[in-house]
Amino acid sequence: MTDRVDGRLKVTGGAAYAADNRLDRLAYGYIVTSTVARGTIVSMDTAAASKAPGVLAVYTPFEPLKLYRYTKEQNDELTPPLQDANVRYFGQAIGLVVAETFEQARDAAALIQVRYDARTPAASFRDGLASATDPPSGSPVSEVLAPGVGSIDDALHASEVTISATYTASMQNHNAMEPHPTVAAWDGDHVTLYTATQGVVLVVDRIAEALGIDKAKIHVRNPYVGGGFGNKWGIWAHTPLTAAAARAQGRPVKTVLTREQTFTVVGHRPASQQTVSLGARKDGTLTAIKNDGVSSKSASNGFYEPVANLCLSMYASPNIHVSRKVVTLDVPVTTIMRAPQEANGSFALESAMDELAVKLGMDPLELRRRNDSPVVPSSGVPWSSKHLDECYRIGAERFGWSRRNPAPGAVTDGDQLVGLGMATATYGASRAQASIKVRLLADGTAVVSGTGADLGTGQSTVWAILAAEALGIPVGRIRPDLGDSAAPVAANAGGSGSTSTNGPAVQLATDAAKTAMITLAVQDERSPFHGMAAGDVRFEDGRLTAGNLSVPFGSLLTSLDVPGVEATATSPKNGDKAHGFRSFGAHFCEVRVNAWTGEPRVSRWLTVLDAGRIVNEKTAHNQIVGGVVMGIGHALLEETRLEPATGRIANADLASYLVPVNADIPPIDVHFLDYPDTLLSPLGARGIGEFGIVGAAGAVANAVYNATGKRIRDLPITLEKLLT
Ligand code: MOS
């Protein structure tokens, strides 16, 4: 249990986030956004804005900053801002005002008169469902059928028991605490960007393309990030605009999106619909799983959620069919958000499993146990390490699942209807290539550097722990140095892959630095180890030791007058095709619904999970709690409300876009099994950033059903849906 290495800095205000960089002669950018969702800008009258106090420049499609088109999407859009007069969504960046102060830039932006040739946008997911199309990428269908089975519908018809239902979820916005900032400063033809990103190398790629400059001339710094959740993976309009404006103005510029702009200038989670049909034998054995999934997709980019995919990886069934369609809308960019596909996918599948359990008259936990699969259901490849049954068993015991009354509405407490629900949690695991550098310094400390990002996840603490373990010194003597594009290329923060990818590289690099230290010790003539065989010198507990001789590495470096030794190591990507890699666990919750007002409250929560090795239980626990809290928001509160006629987001603020507050959240009990997944890496860690949210909304929906007898298949489960 290690405290966050950056915790003290963060709570004391000592951690400088991107927007905290108050550079000399800093000017301020303010993004101007469109007020129609589709059409062409006819004119922008910037005369008053240009003359307003403090204004340095007003950039528009008619007076643009030249930016080049991107060559590939990074879960964002290919079109850089201001290069044409097309409006593709409401709230699109159509201008940038640069002024001496933020307030001057904002006030001047309000003086700009925009005339549009506007057209009616397609902005209703519901209306578009009837004309959904095949997705722009990926195949429209994936299917496995048992020998002799003609189609998934044949398999369903042949099943002893079937259920079928349609589940929907609204679009969502990430709403990280830190709105998107970029500070850009040029020195000659070199630019330094302080920006919040899930990967500094992603920013380097984009800026190189957008500005047409060499990557070597771009330095991105991103040591602290105030939350990302997928929305700081893409590079949004403010970043290239700020870089280009700073170059044009010859002084540093800072642009920070307003909260309202973080609903439109950046991406969001698509809306989705899934029609799930399950077939089973009377004993609960699944015989068919079918999920027809539809996702909204912005007309501006290619990202959509293949929401039905999770069915390929969850429960054993000889017949599985998933399909993918999209509804293309004139809305802001659709992008990844914590557990893309799976947060929504699990809501539908886990709700459907609960509906099947009701129809079978079977305990929903027992139904899941019977269909637990030791192999990837769609391919038959064995899982590398799966202990889901133990999660179910421990969870049921700790939560008191056996006391659940299966009859809906049977348990009351005063005015409250009390229900229990559960769902399976899961998330895929991966391990990419990563390089890390470790420097051992004469003061007895070590620096671990790589381009990775710590979005608040605890990644920097993980690096410190792993290096400290390998060196045999306290965690406090390690300085993790993340988020610098000059460092070796480590994993970007996304896909729950930071620890599984970077962790093994930290271990390798630390070992390499120890070897470099021993080599120095035996080769340097001034060293007491000089002339010894390297194999006779051990590095343990922070010291080099041979026989009776034992010297801390810092003292040795000092005595040799060497400031430090360093080594860089690259850990390979996972090449094991013979196994499936995925974490599994179980959520259990109690929900109380007010019998008169319909207000649902989550009152108890337990998550038991197997995520491979847990490097630091404290920050890991925090990640799962964060995922569950977001899952409770997904279930009960979060909903981006798009006006169908205008494409305008009606609740683009935190007063009306509801996220859980402390009073909405009960104590969350998290219990980790700790089985290292050694087939994935020597470290054995699988990653936990998205695991906690998957299944959470399903567990809540199932508890709501148990409490009330009402099956709400449309997220969020608001009180008005429970009152009708
Ligand atoms: Mo995450 S949605 O992989 O940033």
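I'll start with one cysteine: C311 counts as buried, because its relative accessibility is 1%. Keep in mind that this is a predicted model.

C589 is another buried cysteine, with a relative accessible area of 0%. How far is the sulfur of C589 from the closest cysteine sulfur? The distance is 16 Å, to C391, so the two are too far apart for a bond. Across the whole structure, the search finds 0 disulfides.

Next, the aromatic rings. The whole structure holds 8 aromatic pairs. One of them is F263 with Y657: the ring centres are 5.5 Å apart and the planes meet at 70°, so this pair is edge-to-face. F263 is in the loop between β12 and β13, while Y657 is in the loop between α14 and β27, 394 residues apart. Are these two residues, F263 and Y657, buried or exposed? Both are buried.

W401 and F588 also make an edge-to-face pair, at 5.6 Å centre to centre and 70° between the planes. This pair too links distant parts of the chain, 187 residues apart, with W401 in the loop between α10 and β16 and F588 in strand β25. Both W401 and F588 are buried. Together with F399 they form one aromatic cluster. On F399 there is also a charge: R604 lies over the face of that ring, 4.0 Å from its centre. Elsewhere, R206 lies over the face of Y70, at 3.9 Å from the ring centre.

Last, a sheet. Three strands form an open sheet in the order β4-β2-β6, with antiparallel pairing. Its edge strands are β4 and β6, each pairing on one side only. β2 and β6 pair over 6 bridges, and I41 stands opposite Y116 in β6.

Terms used: Residues are numbered from 1 along each chain as its sequence is written. This is a predicted model: local features need pLDDT of at least 70, side-chain atom pairs count only at pLDDT 80 or more; totals for chains, interfaces and linings use all residues. Side-chain values use heavy atoms; hydrogens and water are left out. Two strands pair if DSSP finds at least two bridges between them. Helices (H or I, at least four residues) and strands (E, at least two) are DSSP runs, numbered from the N terminus. A disulfide is a pair of cysteine sulfur atoms within 2.5 Å. Buried means under 20% relative accessible area, exposed over 50%, partly exposed in between (1.4 Å probe, protein chains only). Rings of Phe, Tyr and Trp (its six-membered ring) pair if their centres lie within 6.5 Å; planes under 30 degrees apart count as stacked, over 60 as edge-to-face and the rest as tilted. A charge sits over a ring if NZ of Lys or CZ of Arg is within 6 Å of the ring centre and within 35 degrees of the ring normal.
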